[in-house]
Amino acid sequence: MSESFVSLKNLTLAYGDTVAVSQLSLNIRKGELITLLGPSGCGKTTTMRAIAGLLSPRSGSIEIDGTDVTKVPANKRGVGLVFQSYALFPHLSTFENVAFGLRLRKVSNGEIKKRVEQSLDTVELGELANRKPSELSGGQQQRLSLARSLVLEPKVMLLDEPLSNLDARLRLDMRSELQRLQRNSGITMVFVTHDQGEALALADRVVLMKDGLIEQMGTPTELYNHPSTVFAADFMGFENIFEVREGALIGRDGSKISGYNAPSGSLAWRPGVVSLGSGPFHGTVAGVSFAGEMWEYVITSPLGRITASTPAGNPPYPIGATLAFDLPEQFGHQIKGAG
Amino acid sequence: MLALPAVLFTATLFLLPVLVLLSEGFRVDDAWSLQGYADFISKPLNQTVFFRTLKLGFLVAGVSAVIGYATAFSIFHLPSKHRGRIFGLVVLPLMISPVARTYAWIVILGRTGIVNDAIVGLGLSDTPIRLLFTETAVFLGLLQLFMPLMIISLISAMENLPNDAVAAARVLGANWLQVFLKVILPLTKEGLVIGGTLVFTGSLTAYITPAILGGAKVLMLETLLYQRVNVANDFVSAGIIATILITMSFGSNLLFKRIATART
Amino acid sequence: MGKWTTFLIIGLTLTFLIGPFFIIIAAGLSAGENLAFPPEGLSLKWYWAVFEVESFRESFALSMFLAVFGTLSALVLGVPAAYALSRYRLPFAETVKTIVAAPIIVPGIIVGLGLLRYLVIPLNFTVSMALFMAHTALVIPYAVRVVTASLENLRSDMEEAAILLGCTRFGAFVKVVLPNIRGGVLAAFILGFVTSFNQVPVSLFLSGPGVRTLPIDMLAYMEITYDPSVAALSALLAIMSVGIIFLAEKFLGFSRYV
């Protein structure tokens, strides 16, 4: 990719003897919003800390804007980071928190006042300039933390699970707020999260990580509709995944159900496409719960545990009921390799 | 790297001289020998002082535990706004010069002190009786000096009690005695052990109290050490006493750690 | 447990712990020549007399000097150590902790004697120098403990944030860490000051002609006289400590740190 703005090459990162990320390569375009997605321990935060310069790589290199910054210390990299805890300075006012980096750069007082006020206005904290961080709400602290980094106009902005300490409602607001900021400023952002919905909603591109390696990379729609591995499919909500071998579906109990023509690998179904009421399989309803627009079922069957859903208009099957169901091949998503 | 100056400073100034001093106990006439220990142990005075020190240590720790427990438990049951203040009063003596604290007992127990005034005034005795320079005086002095440590340990253990443990036990039908025996006591055992160790080692290694209230009549290990050096220039005995003191205070610290971590 | 039992137990214990101070204050107020309680008439003369004693004035000055500068040096050594212990995974962290804590565990009298015999005499140190070093070492454990506790309460990502905004590590420490552990450092100073000022065993052997700390001087003085001046001085010291702690508690919430 010629237009790459941030480029990680064969990056290996370790804490002591524990290798957290191995041989990772990734190119990020200018102005792109990338999310690093994955379960805890997958290496996403470690990768981010390496880009920030808080962790030196064991091997490999990091380039930003055409310059190799692998050996450049964190305070000279021009990278902004919003911490999960916000890491605001409790002894300084809102204004001084934002002014902190500008003062280090020996910017004149008049200029500082102008830029801090402007940036506080952008995040709608202009009125609260004299408050201490402890007097701000969670959402306000979050925005202050953003303003503190943005005022320095960093080349790259890193965000470490920045929304995880907010309540559900605020999280949605902040999501769109972040998107707006990013679109307006055109800043390159790397957003770390373990929340699949957040990653898909925000990103231009999603990098799904597992065990220190990139599992799959692509646009949100690519990842959502075409996960290429069992892990990715599972992460993207294909909750029923079964191996297919020699024209037969392999149940968890080892049973072989013929009639599937897919090439060897796996087939995956979202709960919505499992059809209940008829079909070649039988199971027992172990749980049913109301989820607004649908009923969600957990069904135990000889194949294994199946999750399914039906529109809420229909009366639900009661717990303990035996029912027939089908995993129609045409709705199954094909994955190479077994789970 | 940052910790190095502090470590080097402490090691050269504190540990090195102390280790050399300890080694003196094993040297007699410029040769390595255990003769010093044999001589030391064979002297009845040394034996008396050793066992007296040990006895007072246990006694002070034991009595502190009983009185301290009752006090801590009472303070713990005060409304929280009073609790802080009373707790402050318990801690306060720790910040005051031990010399000043101990000297008060001279006023109380001296020949013209408050206790003797009472004894003579009530006609229990015609002449003042000797209360100073007795084991009782040293015991009282040590108890006053170190009991706050016990109370502090116990109160912090009680404050760490799971919030609803007592309430849960009450709801399950336990009376106060049962709550105390089955819930509070087992859960504050650690505080008792920590407090006990602090009071015990404090008493073992106290100098001021036996020096002022015991004098030459009631020697303890530290005052004996001072006397051996100042009066007799006897560094073999000094090394031996130092070894005993350090062994006992490190030993009880280790023991406490084991007891504290043994709970599952 | 009944309300009155509670009050009674607390009352008795506090009387035992604190009562003697009132007795000693009163004993110092005596108008007579001998130590007695109740005092023989009331007067402030012994309280004034304390200030007339030359050796008390000298030893007070020495104790003050040791307490202030010994504690400051202990902080200079102890704060970096505390920082290292709480921020880095040191290879021998436990050993470092044990060595730094040793001055609390090793009985002071042994330390004093060891210093005198193997450092002061062979290396020709002055007694004041040895006292200064011993008091510094004595306070290090308190400095390290109190400052470490403050540091552990301060999230380390705050320093990383400062670094990413352009600070050096040292700059981040000065601009972000220090302002936020100010209370802890001040509390460590007060605790160290009080500990050093009241310290006896370490200084016991480290005394020379004209070089005595105040508590040692008091011990010597009470062996030769039986007048109420030592009681008066003890009372003054107690009042001074109470005053310091009261102010520290009021402005700092001192007890949080100890």
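**A guided reading of a predicted three-chain model**

B:T201 lies in helix α10 (residues 189–204) of chain B, where helices are DSSP runs of H or I of at least four residues, strands are runs of E of at least two, and both are numbered from the N terminus. The model is predicted, so local features need pLDDT of at least 70 and side-chain atom pairs count only at pLDDT 80 or more, whereas totals for chains, interfaces and linings use all residues. Residues are numbered from 1 along each chain as its sequence is written, chains are lettered from A and ligands numbered from 1 in the order in which they are written, and side-chain values use heavy atoms, with hydrogens and water left out.

B:T201 counts as buried because its relative accessibility is 12%; buried means under 20% relative accessible area, exposed means over 50%, and partly exposed lies in between (1.4 Å probe, protein chains only). A polar atom of the side chain of B:T201 lies 2.8 Å from the backbone oxygen of B:T197. When neighbours within four places in sequence are left aside, B:T201 is in contact with B:S249 and B:S252, contact meaning heavy atoms within 4.5 Å.

From this residue the account turns to the way the chains meet. Two pairs of chains touch, and the most contacts are between chains B and C. No contact joins chain A and chain B, and their closest C-alpha atoms lie 19 Å apart.

The size of an interface is often given as the accessible area lost when the parts come together. Chain C and chain B bury about 6200 Å² between them, with 84% of that area on carbon and sulfur atoms; buried area is the accessible area (1.4 Å probe) that two parts lose on being put together, summed over both. The contact draws 72 residues from chain C and 71 residues from chain B. Across this interface the rule finds one salt bridge, that is, a side-chain nitrogen of Lys or Arg within 4 Å of a carboxyl oxygen of Asp or Glu. C:R117 and B:E24 form a salt bridge in which the closest N and O atoms are 2.9 Å apart. Six residue pairs between chain C and chain B are in polar contact, both residues being at pLDDT 80 or more. A polar contact is a pair of N or O atoms within 3.5 Å; within protein, one must be able to donate a hydrogen and the other to accept it, and residues adjacent in sequence count only if both atoms are side-chain atoms. On the side of chain C that touches chain B, helix α1 (residues 3–28) of chain C supplies the largest share, 14 residues. The residues of that side divide into 63 nonpolar, seven polar and two charged. In this scheme Ala, Val, Leu, Ile, Met, Phe, Trp, Tyr, Cys and Pro count as nonpolar, Asp, Glu, Lys and Arg as charged, and the others, Gly among them, as polar.

The other interface joins chain C to chain A, with 16 residues of chain C in contact with 20 residues of chain A. These two chains bury about 1700 Å² between them, 68% of it on carbon and sulfur atoms. Within chain C, the residues that lose the most area to chain A are C:E160, C:L164 and C:L165, together 44% of what that side buries. C:E160 also takes part in a salt bridge with A:R49, formed between their side chains (2.6 Å, N to O). Seven residue pairs between chain C and chain A are in polar contact, with both residues at pLDDT 80 or more. α7 (157–164) and α8 (169–198) of chain C each supply at least two residues of the side that touches chain A, and α7(C) gives the most, with seven residues. That side of chain C comprises nine nonpolar, three polar and four charged residues.

C:V147 touches C:L75, C:V79, C:A82, C:I181, C:V185 and C:A188, residues up to four places away in sequence not being counted.

Chain A has eight helices and 19 strands, and 52% of its 339 residues are buried. In chain A, A:Q84 is found in the loop between β6 (79–82) and α2 (94–104). A:Q84 is partly exposed because its relative accessible area is 34%. The side chain of A:Q84 makes a polar contact with that of A:S164 (3.0 Å).
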